[in-house]
Amino acid sequence: MPTTASPLSPYPPLNVRVHTPRLSLMGATDELLERLLPVVRKGVATGPPWPFDDPMSLYEDGREREWSWLRSVWRGRGRVGPDLWRLYFVVVVDGEPVGMQDLTGADFALYGTVSTFSWLDPDLRGGGLGKEMRQAVLHLAFDGLGAREAGSDAFFDNHASNGVSQALGYAPNGVTWDTRRGEPAQIRQWRLTRERWAGRRRDDIELVAVRECLPVLGIDPPPAG
């Protein structure tokens, strides 16, 4: 579902796009972030299960929530290198920004592992978009970046996220702890290997401008042709 093209940015990560029949993941430019502000403004975390205590501060009220969220994305975009990177994508459905899908790699050239993080407009949850977003970013990770495996985690009572991981072939990978609203809670961890992903690989997902982004992430581009 390609969207209207925007002028190319001199910064390659902002030009990366992933298109599926239902949605597009678009590099998180300031223009797209501003268009997504109304969703952040009305509240992403509106009730249990609460998400992580994240730097974006989804629990803040008023304009402080918007400022914290924007600062978190700006900081992350500015700290990208071979040892650690986080790619931020705005999820666009029918031309409208509705959420975010991020992809993170640490020492990717050595380990080939990635992890994902996402959120979606509460009004659109339950319709399969969360699964489609994850499939899109996994296609980028495995097909575009050459990842060996992908990890995901969610609190035990986040049945939607855990359900997506299970449906896409992730295997349970232990438990850990994190805090939400300052209180400890247990997290389920998941692991998806390249081989498991390849067995479910989709042929209707399009990647755009990925090759140009590889040097920024410290990934050697494959030979041309």
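Helices, like strands, are here DSSP runs, numbered from the N terminus, and a helix has at least four residues. The exercises below concern a predicted model.

**Exercise 1.** Determine in which helix Trp 67 lies, and whether Trp 67 counts as buried, partly exposed or exposed.

*Solution.* Begin with the location: Trp 67 belongs to helix H2, which spans residues 63-78. Next, recall that buried means under 20% relative accessible area and exposed over 50%. Because the relative accessibility of Trp 67 is 38%, the residue counts as partly exposed. Finally, consider Leu 37, which is 30 residues from Trp 67 in sequence, while the C-alpha atoms of the two are 9.9 Å apart in space.

**Exercise 2.** Work out how strand E4 is paired with E3 and with E5.

*Solution.* Start with E3 (residues 84-93), which pairs with E4 in the antiparallel sense over ten bridges, with Val 92 standing opposite Pro 97. The two strands form a hairpin with two residues between them, and Asp 94 in this turn has a positive phi of about 50°. Then turn to E5 (residues 113-120), which runs antiparallel to E4 and is joined to E4 by seven bridges; here Leu 103 has Thr 116 as its bridge partner. As for burial, eight of the eleven residues of E4 (residues 96-106) are buried.

**Exercise 3.** Identify the strands that stand at the edges of the sheet, and explain what this leaves open.

*Solution.* Write down the order of the nine strands in this open, mixed sheet: E7-E8-E6-E5-E4-E3-E2-E1-E9. Strands E7 (171-180) and E9 (206-208) each have a single partner strand, so one side of each is left without a neighbour in the sheet. The twist from one strand to the next averages 25°.

Technical notes. Residues are numbered from 1 along each chain as its sequence is written. This is a predicted model: local features need pLDDT of at least 70, side-chain atom pairs count only at pLDDT 80 or more; totals for chains, interfaces and linings use all residues. Side-chain values use heavy atoms; hydrogens and water are left out. Buried means under 20% relative accessible area, exposed over 50%, partly exposed in between (1.4 Å probe, protein chains only). Two strands pair if DSSP finds at least two bridges between them. Axes are lines fitted to C-alpha atoms, for helices over the stretch in contact, and angles run from 0 to 180 degrees between N-to-C directions.
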